[in-house]
Structure formats: structure tokens, C-alpha cells
Amino acid sequence: MSFKIAVWSGKKKVNKQEALAVYERILQGNCEDLQESDNIEHFLKELAKEIPSYENIPEDKRANGPWEEPFTVSDSYVLLSLRRERCVEAVPIILKMATKSDLTYYDPQHQVVYNPNAILSWMRKMAATVMP
């Protein structure tokens with residue numbers, strides 16, 4: 001059985017009940033709560049520096065890799081499916097990269113949600129405006 005994680009660019013911060021609803025809507029193909037973001041691409045690039053994606057793990061080594069299957073990716077979210085036995089090492093890295101990329105992290109198994117830090121988001125936007 002796999003361990004699921006969702007990372008997304010949302011229109012607003014969410015609590016754990018709202019995050020579950022957003023996650024369920026994503027699974028149904030409804031992205032009304034999300035917004036397109038280059039941060040998704042940034043997240044994937046940063047994550048790949050720490051943990052190779054499913055496709056970048058040689059086929060004969062995938063059974064021992066962290067991923068159950070390839071990521072489901074859109075311009076507003078990423079769905080990740082981890083092997084349970086690899087969660088302890090992979091989850092902190094995924095959370096770190098989501099935070100670094102200013103994205104919401106959601107663990108549906110434990111209904112844990114981490115929203116982007118509003119102050120850091122604002123500072124990054126200001127820096128981009130002042131120093132293009």
C-alpha cells in the first residue's frame with residue numbers, strides 16, 4: 001500500500017478539513033481551488049536534486065526506490081505516491097521542497113496540511129518586483 005502526498009498552488013490557505021476537500025476535488029479532476037504556478041516546476045526541479053523521479057530511476061531498481069508510480073503533475077498540483085517503507089526518509093525532503101517552493105503540502109493519511117508561509121511569499125514577490 002502506498003503513502004500519498006499532494007502538493008499544490010492554492011488560491012488561499014486551508015485548514016485540514018478544507019485541505020481534504022481540495023484533495024478530493026483534485027482526485028475528481030476539479031481544480032477550482034488551485035491556481036497555475038511556476039512554483040510547481042520549481043518544486044519538481046528541487047525535489048529531483050534530492051530524490052530522482054520515478055522515471056529517472058533505472059527500471060531494475062524501481063522496486064527499491066521511494067516511488068510507487070510516476071507523479072501526477074499539472075500546472076497547479078503534484079500527486080506523489082511513496083512506498084510506505086521509504087516515507088521516513090522522503091517525506092521531510094518533500095515537505096522542505098514544497099515549503100521552499102511556496103506550495104501547500106498535504107498528507108491525506110494523517111490529514112496534515114502545511115500552507116506556504118505568507119511572509120516569505122510576500123518577501124519573494126517584493127524581491128522579484130524590486131530586483132527583477
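# A walk through the helices and their neighbours

Contact, here and below, means heavy atoms within 4.5 Å. Helices (H or I, at least four residues) and strands (E, at least two) are DSSP runs, numbered from the N terminus. Please keep in mind that this is a predicted model, in which local features need pLDDT of at least 70 and side-chain atom pairs count only at pLDDT 80 or more, while totals for chains, interfaces and linings use all residues. Residues are numbered from 1 along each chain as its sequence is written, and side-chain values use heavy atoms, with hydrogens and water left out.

Now for the overall plan. The protein chain holds 4 helices and 5 strands, and from the N terminus on its elements run β-α-α-β-β-α-β-β-α. Of its 132 residues, 40% count as buried. Among contacts between residues at least 6 apart in sequence, 62% join residues at least 24 apart.

Back to helix 3. The buried residues in this helix are Cys87, Ala90, Val91, Ile94, Met97 and Ala98. They cover an arc of only 135° around the axis, which puts them on the same side of helix 3; the arc is that of the directions from the helix axis to the C-beta atoms. The face turned away from this buried side carries the exposed residues Val88 and Lys96. With 14 residues, helix 3 should span 20 Å at 1.5 Å a residue, and its end C-alpha atoms are 19 Å apart, which agrees. The expected span is 1.5 Å times one less than the number of residues.

Helix 2 is a partner of helix 3. Helix 2 (residues 39–50) and helix 3 (residues 87–100) pack at an angle of about 145°, with their axes 9 Å apart. These axes are lines fitted to C-alpha atoms, for helices over the stretch in contact, and angles run from 0 to 180 degrees between N-to-C directions. The crossing is right-handed; a crossing is left-handed if the near helix is turned anticlockwise from the far one by less than a right angle, and right-handed if clockwise. Helix 2 brings His42, Phe43, Glu46, Leu47 and Glu50 to the contact, and helix 3 brings Ile93, Ile94, Met97, Ala98 and Lys100.

Within helix 2, Ile40, Phe43, Glu46 and Leu47 are buried. Their arc around the axis is only 130°, which puts them on the same side of helix 2, and on the other side Lys45 and Lys49 are exposed. The buried residues of helix 2 pack against strand 1, strand 2 (72–73), strand 3 and helix 3. Isoleucine 40 is worth a stop: its relative accessible area is 2%. Leaving aside neighbours within four places in sequence, isoleucine 40 is in contact with Val7, Trp8, Ser9, Val73, Ser74, Asp75, Ser76, Tyr77, Val78 and Leu103. Isoleucine 40 and serine 9 are 31 residues apart in sequence, and their C-alpha atoms are 7.4 Å apart in space.

Next comes helix 1 (residues 16–27), whose 12 residues reach 17 Å from first C-alpha to last, close to the 16 Å expected. In helix 1, Ala19, Val22, Tyr23 and Ile26 are buried. Seen down the axis, they fall within an arc of 100°, so they line one face of the helix. They pack against strand 1 (2–8), strand 3 (77–83), strand 4 (104–107) and strand 5 (112–114). Just after helix 1, glycine 29 takes a positive phi of about 85°.

Other positive phi values turn up in loops. Most residues other than glycine have a negative phi. Aspartate 102, in the loop between helix 3 and strand 4, has a positive phi of about 65° although it is not a glycine, and at 15% relative accessibility aspartate 102 counts as buried. Glutamine 111, in the loop between strand 4 and strand 5, has a positive phi near 50°, and at 30% relative accessibility glutamine 111 counts as partly exposed.

We finish in strand 4, where threonine 104 lies. Threonine 104 is buried, with a relative accessible area of 2%. Not counting residues up to four places away in sequence, threonine 104 touches Ala6, Val7, Trp8, Val14, Val113, Tyr114, Asn115 and Pro116.

Conventions:
Buried < 20%, exposed > 50% of the residue type's maximum accessible area, 1.4 Å probe, protein only.
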